[in-house]
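User: Hi, I have a structure here that I would like to talk through. Could you help me read it step by step?

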Amino acid sequence: MTRRAFTLGALSTAAAATGVLSLPRAALAAPNTAYVMAYFTETPQFQGADYGLHLGVSRDGLNWTPLNQNNPVVTPTAGQLGLRDPFVLRKQDGTFVVLATDLKGTNFGLNSQYLHVWDSFDLTSFTGYRRIRMHTLNTHTWAPTAFWDAARGQYAIVYSANNGQDVFLVNYTSDFQTVSSPQVFFSPGFGILDGDVVIDGGTTYLYYKNLANGNLYGARSSTGAPNSFTTYTSGLMQGTGIEAPLLVKAIDGSGWRLWGDSYGPVNNDYYAWSTTTIGGNSWTPMNQRDYTPPMNAKHGSMIGITDAEYNGLIARWGTPNWVRLKSSNLPDRYVRHADNVARLDAYPFDPYQDQMWRMVPGLADSTGVSFQSVNYPGSYLRHYNYEVRLAANENTSVFRADATFYRTAGLADAAWTSFRSYNFPTRYLRHANYMLRIDPLSGSSSAADRQDATFRITP
């Protein structure tokens, strides 16, 4: 993926000549084969709120695996002791820098003139923590994005501020230690928020939220210089409130994706659009069936990484010891328990742990699976009169049989999964009116019934 443009051929040659092989693999011109996402977390009632730096990884840039059990990998120790809107940039030397808003929680009346900053060799550790002062105004410093400005030979740090109106300011830096004085980067005549900047084919693209109508837009410039951008897209909206546009070029060459962080009708959901040509005005909403952001993720950034970096992140931080079950035909809904009833509910919700399951060897047959609740670890999904509920393990043969299922290829999509009952082998786990039950199903059942019985196993 070429999220930020840089040339490292000379660096690669020098490394090969000197035998220095400890540089990041990107600095040795290894191709990007995966993605990393940085984010913080919130849930509708804030039970899942955590204002540290979280990381997730993905092979396809659509379906994400949170790392470190979806716990932060590092948390600010100065300023307001929390972050929002983390942004990861690969620098010219192939290493990374992380920038983030200095704000913990949702008191948006608090102003900070600073950004949190970390350096990282490969995102398995974070060093040099500091805050850098971006301006002396009585305003916020929100949602940083950064890019390499080749014409200046410096990095540009762009962020949201208010100088009488909500605008984007920019400071230039060579080292992310000291920065130039701020100047207006983009001010189209109405309030704006949450910029994301990428460079592709000699054109600099800036996507932003229009505060006047709430939609997301794209602007572009042939130079990337301040005040040189012209808006070229129509407004994009999904849900009832959206912000934080996140623009990503697919590493497989299939085009571009634009993510938006939705806060309405409920806080904390992502929507996505796709296009084959970023320079056009043809963004198409994606089906939520085709993508799954990290659980509870808010206002993140995505960047391409190499295979070695992907494997290093997995080795360092680990993958979740729990799963979620996403509905095939109602892809905004996940299997959860509520008042001991197993059902599908639209994500997000609280308690968010109700959707988290440990998929353990089947209680009646270890070649099958049983679903142990994460927040009620002595309880499992079991069927009773064909209805599925959460129940404490009775440790009887009947309970063990009722709580055991066999994984099969999805009845509606072989790339997904269906679950056949252990003791009623013609019946499968399915939803009906949002409730879970087991019903007789087969490959000859109606398409709707087979879809009801098909799930994606996802973190």
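User: Among contacts between residues at least 6 apart in sequence, what share joins residues at least 24 apart?
Analyst: In this protein, which is a predicted model, 53% of the contacts between residues at least 6 apart in sequence join residues that are at least 24 apart.

User: And how many helices and strands are there?
Analyst: The secondary structure of the protein consists of 4 helices and 32 strands.

User: What is the radius of gyration, and what would a compact globule have?
Analyst: The protein has a radius of gyration of 24 Å, which agrees with the value near 23 Å that a compact globule of 459 residues would have. Along its principal axes, the C-alpha trace spans about 70 × 55 × 40 Å, and buried residues make up 58% of the 459 residues.

User: Let's pick one residue. Is Val98 buried or exposed?
Analyst: Val98 has a relative accessible area of 1%, and because buried means under 20%, Val98 counts as buried. Val98 lies in strand β5, which covers residues 96-102.

User: Which residues does Val98 touch?
Analyst: Leaving aside residues up to four places away in sequence, Val98 touches Leu53, Phe87, Val88, His116, Val117, Trp118 and Phe126.

User: Changing topic, what is the average pLDDT?
Analyst: The protein averages a pLDDT of 94, and 94% of the residues score at least 70. Over residues 1-22, however, the pLDDT is below 50, although this stretch has 48 contacts in the model beyond near neighbours in sequence.

Key
Residues are numbered from 1 along each chain as its sequence is written. This is a predicted model: local features need pLDDT of at least 70, side-chain atom pairs count only at pLDDT 80 or more; totals for chains, interfaces and linings use all residues. Side-chain values use heavy atoms; hydrogens and water are left out. Helices (H or I, at least four residues) and strands (E, at least two) are DSSP runs, numbered from the N terminus. The radius of gyration is taken over C-alpha atoms; the globule rule is 2.2 Å times the number of residues to the power 0.38. Buried means under 20% relative accessible area, exposed over 50%, partly exposed in between (1.4 Å probe, protein chains only). Contact means heavy atoms within 4.5 Å. pLDDT is the predictor's confidence in each residue, from 0 to 100.
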